[in-house]
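Have the sequence and the coordinates open while you read.

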Amino acid sequence: MGMKGKEMVERAGIDVHALIQLLNKAYSDEWLAYYQYWVGAKVAVGPLAPALIPELEEHAAEELAHAQKLASRIIQLGGTPVLSPEQWYRETTCGYLTPSDPDAAKLLKQNLQGERCAIEIYGKLLELVKGKDMITGNMIRKIMEEEVEHEQDLEDLGYNFLGDDFEKKSCGCSDK
Ligand SMILES: [Fe+2]
Ligand SMILES: [Fe+2]
């Protein structure tokens, strides 16, 4: 724990305990997003798969890097990153959409839903720490920038390969 660093955040009026809980929720989302992308890249089939798979692999690596950043910040603030995968499920906001249908077009839509949820979550977190905790704020801003890029990447693929109305077609999204 960075004693002085934590004290500064507290002095700025942040409830550090509550912040750690929110960061752990985002951390759980990142691990689930990582696995959803990682395993999606393994199972994807169909005409869109060759274009989608490299994107899924790149996003997986970036979600894992987001989890690493969040874990470091949680520790700096005196917290402990979620220690078990079961707890990811209890903490998650964005959930896990099982890629039970390996059709790449369905995977794309599931992952797009996850990205939009992540953008929403990080927007709220940024609002919470704005002007009070610059370190967490800067980290979240960088993560959020990549989530916005992920959303754009998936939208571009969707429109290019599936047509203008791809968002209107059924997502097949279920699970938590
Ligand atoms: Fe992420
Ligand atoms: Fe993402």
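Two residues are in contact here if their C-beta atoms, placed from the backbone, lie within 7 Å. One bit of housekeeping first: this is a predicted model, where local features need pLDDT of at least 70 and side-chain atom pairs count only at pLDDT 80 or more, while totals for chains, interfaces and linings use all residues. Residues are numbered from 1 along each chain as its sequence is written, and chains are lettered from A and ligands numbered from 1 in the order in which they are written.

Start with Met-144, which sits in helix α6. Helices (H or I, at least four residues) are DSSP runs, numbered from the N terminus. Setting aside neighbours within four places in sequence, Met-144 is in contact with Ile-119, Tyr-122, Gly-123 and Leu-126. Is Met-144 buried or partly exposed? Partly exposed, because 18 other C-beta atoms lie within 10 Å; the cut-offs are 20 or more for buried, 12 or fewer for exposed, and partly exposed in between.

Gln-36, in helix α2, is buried, since 25 other C-beta atoms fall within 10 Å. Not counting residues up to four places away in sequence, Gln-36 touches Tyr-96, Leu-97, Pro-99, Asn-111 and Gly-114. The C-alpha atoms of Gln-36 and Leu-97 are separated by 7.1 Å, although the two residues are 61 apart along the chain.

Now for the helix pairs. Axes are lines fitted to C-alpha atoms, for helices over the stretch in contact, and angles run from 0 to 180 degrees between N-to-C directions.

| Helix pair | Axes come within | Crossing angle |
|---|---|---|
| α2 (residues 16-43) and α5 (residues 104-129) | 11 Å | roughly 165° |
| α3 and α6 | 11 Å | roughly 165° |
| α2 and α3 | 8 Å | roughly 160° |

Angles over 145 degrees count as roughly antiparallel. So α2 is roughly antiparallel to α5, α3 and α6 are roughly antiparallel to each other, and so are α2 and α3. As for handedness, a crossing is left-handed if the near helix is turned anticlockwise from the far one by less than a right angle. That is how α2 passes α5, and the α3 and α6 crossing is left-handed, as is that of α2 and α3.

What kinds of residue make these contacts? Ala, Val, Leu, Ile, Met, Phe, Trp, Tyr, Cys and Pro count as nonpolar, Asp, Glu, Lys and Arg as charged, and the others, Gly among them, as polar. The contact of α2 with α3 divides into 18 nonpolar, four polar and four charged residues. Between α3 and α6 there are six nonpolar, four polar and six charged residues.

Finally, the core. A nonpolar core is a set of buried Ala, Val, Leu, Ile, Met, Phe, Trp, Tyr and Cys residues joined through C-beta atoms within 7 Å. The largest one has 36 residues, of which Leu-23, Tyr-27, Leu-52, Ala-104 and Leu-108 touch the most other members. Elements giving two or more residues to this core are α2, α3 (49-76), α5 and α6 (134-162). Leaving aside neighbours within four places in sequence, Leu-52 is in contact with Ala-44, Ala-104, Leu-107, Leu-108 and Leu-157.

Key
Parallel < 35°, antiparallel > 145°, perpendicular 65-115°, else oblique.
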